[in-house]
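Good morning, and thank you for coming. Please look at the sequence and the model on the screen while I describe them.

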Amino acid sequence: MGKNWLLVVVAGVFEVVWVAGLKHADSLLTWAVTVIALVVSFAVLIYSGKKLPTSTVYAVFVGLGTAGTVISEMVLFGEPFSWAKVGLIALLLVGIIGLKLVTPEHEDHPRKEGEAA
């Protein structure tokens, strides 16, 4: 996995943090962590989108964030476990991995700001 794809995964992890924070933040500290995670996730996403195909980057980001949020809710916050949810997350992850595998990387020629795709 290239450095830029690793950054997309990092952005997805920060997305899970800020999404969970929107629901569970109840103090100034947890709100601060939520806002910082939001800013970091989108900054890394924007950076990666300049180096990789934007549509694929966004799909991977949202998919990982969705899967991570559902899993973290079940593991950390007492959301009831459901085999249906786990199966659908697995299906989502298979789709994300497949999309990444069939998308060519264009890291050697990154787009310049304002340049058409």
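Helices here are DSSP runs of H or I with at least four residues, strands are runs of E with at least two, and both are numbered from the N terminus.

Let me state the basis of these values. This is a predicted model, in which local features need pLDDT of at least 70 and side-chain atom pairs count only at pLDDT 80 or more, while totals for chains, interfaces and linings use all residues. Residues are numbered from 1 along each chain as its sequence is written, and side-chain values use heavy atoms, with hydrogens and water left out.

The chain has four helices and zero strands, in the order α-α-α-α from the N terminus. Of its 117 residues, 30% count as buried, that is, under 20% relative accessible area, where exposed means over 50% and partly exposed lies in between (1.4 Å probe, protein chains only).

Which residues of helix 1 are buried? They are Asn4, Trp5, Val8, Ala11, Gly12, Glu15, Val16, Trp18, Ala20 and Gly21. Their cover includes helix 2, helix 3 and helix 4 (83-102).

I turn next to the pairing of helix 1 with helix 3. They pack at an angle of about 45°, with axes 8 Å apart; the axes are lines fitted to C-alpha atoms over the stretch in contact, and angles run from 0 to 180 degrees between N-to-C directions. That angle makes helix 1 oblique to helix 3, because angles under 35 degrees count as roughly parallel, over 145 as roughly antiparallel, 65 to 115 as roughly perpendicular and the rest as oblique. Thr69 touches both Val16 and Val19, not counting residues up to four places away in sequence. At 14% relative accessibility, Thr69 counts as buried.

Finally, the largest nonpolar core has ten residues, including Trp5, Val8, Leu45, Leu52 and Val57. Such a core is a set of buried Ala, Val, Leu, Ile, Met, Phe, Trp, Tyr and Cys residues joined through side-chain atoms within 4.5 Å. Helix 1 (3-24), helix 2 (28-51) and helix 3 (54-76) each supply at least two residues of this core.

Note on methods: Contact means heavy atoms within 4.5 Å.
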